[in-house]
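Dear colleague,

I am handing over the structure below, and after it I set out what I found. Please read the notes with the coordinates open beside them.

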Amino acid sequence: MVRLTIRIDFSPTSSVGPGKIRLLELIAETGSISAAGRAMGMSYRRAWLLVDELNRLFKHKVATTTLGGKAGGGAALTPFGTSLVAEYRAVEREAHGIFAKRLSALVAASVKPRRRPRRCTER
């Protein structure tokens, strides 16, 4: 399976790509930056830093948080954050549609990965 990955660079140090978008999707699903980070195998701090980076990149915040307490803390996407995810996924779909023929040609020209030979465990 071939996959086209889209990353949008806003500057040499600021970008939006599949990882950050997936993090936002998981925040929307779980209501938690911590849970979203865990689902992606990253620390809460790393997930929080990525959300903070996105919040600073755009004029509008992508996510908001509420402090803990009896009800516990939480996070939610803002309307702009929801729109960002939708726009990014639309760009992906359109790019896949535009490049499907070329991707198929590249796949046809590629060497299929070989299975690794079994290692003999007998001594």
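Read from one end of the sequence to the other, the protein chain of this predicted model follows the pattern β-β-α-α-α-β-β-α, which comes to four helices and four strands. Of the 123 residues in the protein chain, 30% are buried, and the chain exposes about 9,500 Å², with carbon and sulfur atoms supplying 55% of that area. As for the contacts between residues at least 6 apart in sequence, 46% join residues that are at least 24 apart.

The largest nonpolar core has 22 residues, and the members that touch the most others are Ile21, Leu23, Leu24, Ile27 and Val62. Two or more residues of this core are given by each of α1 (18-30), α2 (33-39), α3, β4 (74-77) and α4 (79-109), and the largest share, five residues, comes from α1. If residues up to four places away in sequence are left aside, Val62 touches Leu24, Val51, Leu54, Asn55, Ala76, Leu77, Thr78, Phe80, Gly81 and Leu84.

On the surface, Tyr44, Trp48 and Leu49 form a nonpolar patch whose accessible area is about 280 Å² together. Leu49 lies in helix α3, which covers residues 44-57, and Leu49 counts as partly exposed because its relative accessibility is 33%, a value that falls between the 20% limit for buried and the 50% limit for exposed residues.

With kind regards

Notes
Residues are numbered from 1 along each chain as its sequence is written. This is a predicted model: local features need pLDDT of at least 70, side-chain atom pairs count only at pLDDT 80 or more; totals for chains, interfaces and linings use all residues. Side-chain values use heavy atoms; hydrogens and water are left out. Patches are made of residues with over 30% relative accessible area and no salt bridge: like charges are joined within 9 Å, nonpolar side chains (Val, Leu, Ile, Met, Phe, Trp, Tyr) within 5 Å. Accessible areas come from the Shrake-Rupley method with a 1.4 Å probe; for residues, only the protein chains shown count as cover. A salt bridge is a side-chain nitrogen of Lys or Arg within 4 Å of a carboxyl oxygen of Asp or Glu. Buried means under 20% relative accessible area, exposed over 50%, partly exposed in between (1.4 Å probe, protein chains only). A nonpolar core is a set of buried Ala, Val, Leu, Ile, Met, Phe, Trp, Tyr and Cys residues joined through side-chain atoms within 4.5 Å. Contact means heavy atoms within 4.5 Å.
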